[in-house]
Amino acid sequence: MKTAILLIGAGEQVSLIQDVLCAEGYEVHRKERPEIDISVKNSLSHINLIILVDQGEGEANRNQNGKAELKQWIDKGQVVPLLVITSNASPQFIVEWLDFGANDVMEEPIHLNVMLARIRNLLRVFANATPEGEEVIVVHDLKVNLRSRRVNRAGEYLTLTPKEYELLEFLALHVNEACTRSDILREVWGYEYAMDTNVVDVYIKHLRVKVDKGRSVKLIHTVRGIGYMLHDKN
């Protein structure tokens with residue numbers, strides 16, 4: 001699988017960078033503005049590196065508005081390095097990008113071989129990087145962070161209630177195993193025996209809406225006569 005780079009920017013300089021990256025064998029996806037909509041996030045869920053070509057002070061307001069959306073890529077639950085290329089060489093401008101979350105900042109005019117070397121370096125550094133102390137269960141494109149209790153699928157954070165998270169965590173800890181309703185009630189709700197309640201079915205329904213709805217690959221499955229399973233399609 002090719003290394004995927006999201007290239008954000010417009011103009012001849014960006015077109016040149018795109019041509020150079022493609023010639024080097026990278027898979028390049030280009031956007032003209034920092035705003036990243038949901039459809040793009042879902043279709044480009046395995047980006048390895050982001051390059052943003054910032055046109056400088058004239059673009060400051062628009063870039064500031066786009067940073068909120070760009071931040072979703074940086075904080076999306078996987079480690080994605082950000083390289084910013086800017087025509088604004090002021091120290092304060094560079095500091096602002098580094099404080100925002102950029103991992104490297106290059107000032108124009110750029111030397112293309114130096115840019116490629118920096119890209120290789122970022123990809124090498126971040127290849128196996130995960131936030132220190134993180135414990136993450138990966139099921140297909142679903143990631144369950146056991147420490148932060150944050151969940152994302154294909155790069156999109158899912159908003160779960162505490163009990164929805166606990167149910168999903170239990171299923172994730174027993175991925176590809178059929179979990180009985182009695183086991184779920186005991187481990188998630190603390191009931192010592194199977195009560196006459198449909199609370200598990202109700203919460204599974206809620207989880208399916210948040211985890212599986214609108215996605216071609218369904219992860220939560222009913223095991224007839226037993227209960228439910230989180231099934232890894234990989």
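Reader: How many of the residues in strand β3 are buried?
Author: This is a predicted model, in which local features need pLDDT of at least 70 and side-chain atom pairs count only at pLDDT 80 or more, while totals for chains, interfaces and linings use all residues. Residues are numbered from 1 along each chain as its sequence is written, and side-chain values use heavy atoms, with hydrogens and water left out. Helices (H or I, at least four residues) and strands (E, at least two) are DSSP runs numbered from the N terminus, and buried means under 20% relative accessible area, exposed over 50% and partly exposed in between, with a 1.4 Å probe and protein chains only. Strand β3 is mostly covered, and of its six residues the number buried is six.

Reader: Which residues of β3 point the other way from L49, I51 and V53?
Author: In a regular strand the side chains alternate between the two faces of the sheet. In β3, L49, I51 and V53 point one way and are buried, and the other way, also buried, point I50, L52 and D54.

Reader: Which strands stand at the edges of the open sheet?
Author: The open sheet has five strands in the order β2-β1-β3-β4-β5, with parallel pairing, where two strands pair if DSSP finds at least two bridges between them. The edge strands, 27-31 and 104-107, each have a single partner strand, so one side of each is left without a neighbour in the sheet; they are β2 and β5.

Reader: Within that sheet, over how many bridges do β3 and β4 pair?
Author: Strand β3 is joined on one side to β1 by four bridges, running parallel, and there I5 stands opposite L49. With β4 the pairing is again in the parallel sense, and D54 stands opposite T86 of that strand. The number of bridges between β3 and β4 is five.

Reader: Which residue of β5 is the bridge partner of I85?
Author: Strand β4, residues 82-86, runs parallel to β5 and is joined to it by four bridges. In β5, the bridge partner of I85 is M106.

Reader: At about what angle to β5 does helix α5 run?
Author: Angles here run from 0 to 180 degrees between N-to-C directions, the axes being lines fitted to C-alpha atoms, for helices over the stretch in contact. Helix α5, residues 112-126, lies across β1, β3, β4 and β5, and its angle to β5 is about 180 degrees.

Reader: How are helices α6 and α8 oriented to each other?
Author: Helix α6 (residues 162-173) and helix α8 (residues 199-211) pack with their axes 10 Å apart, at an angle of about 85 degrees. Angles under 35 degrees count as roughly parallel, over 145 as roughly antiparallel, 65 to 115 as roughly perpendicular and the rest as oblique. The two helices are therefore roughly perpendicular.

Reader: How many charged residues take part in the contact of α6 with α8?
Author: Contact means heavy atoms within 4.5 Å, and this one is made by K163, E164, L167, L168 and L171 of α6 together with Y203, I204, H206, L207, K210 and V211 of α8. Ala, Val, Leu, Ile, Met, Phe, Trp, Tyr, Cys and Pro count as nonpolar, Asp, Glu, Lys and Arg as charged, and the others, Gly among them, as polar. By these classes there are seven nonpolar residues and one polar residue, and the number of charged residues is three.

Reader: What is the phi of N176?
Author: N176 is found in the loop between α6 and β10 (179-180) and counts as partly exposed at 40% relative accessibility. Its phi is positive although the residue is other than glycine, with a value near 65 degrees.

Reader: And what is the phi of H140?
Author: H140 has its place in the loop between β6 (136-139) and β7 (142-145), where it is partly exposed with a relative accessible area of 25%. H140 is not a glycine, yet its phi is positive, at about 55 degrees.

Reader: Which residues does Y191 touch, not counting those up to four places away in sequence?
Author: Y191 lies in the loop between α7 (181-189) and α8, and at 30% relative accessibility it counts as partly exposed. Beyond four places in sequence, Y191 touches L185 and R186.
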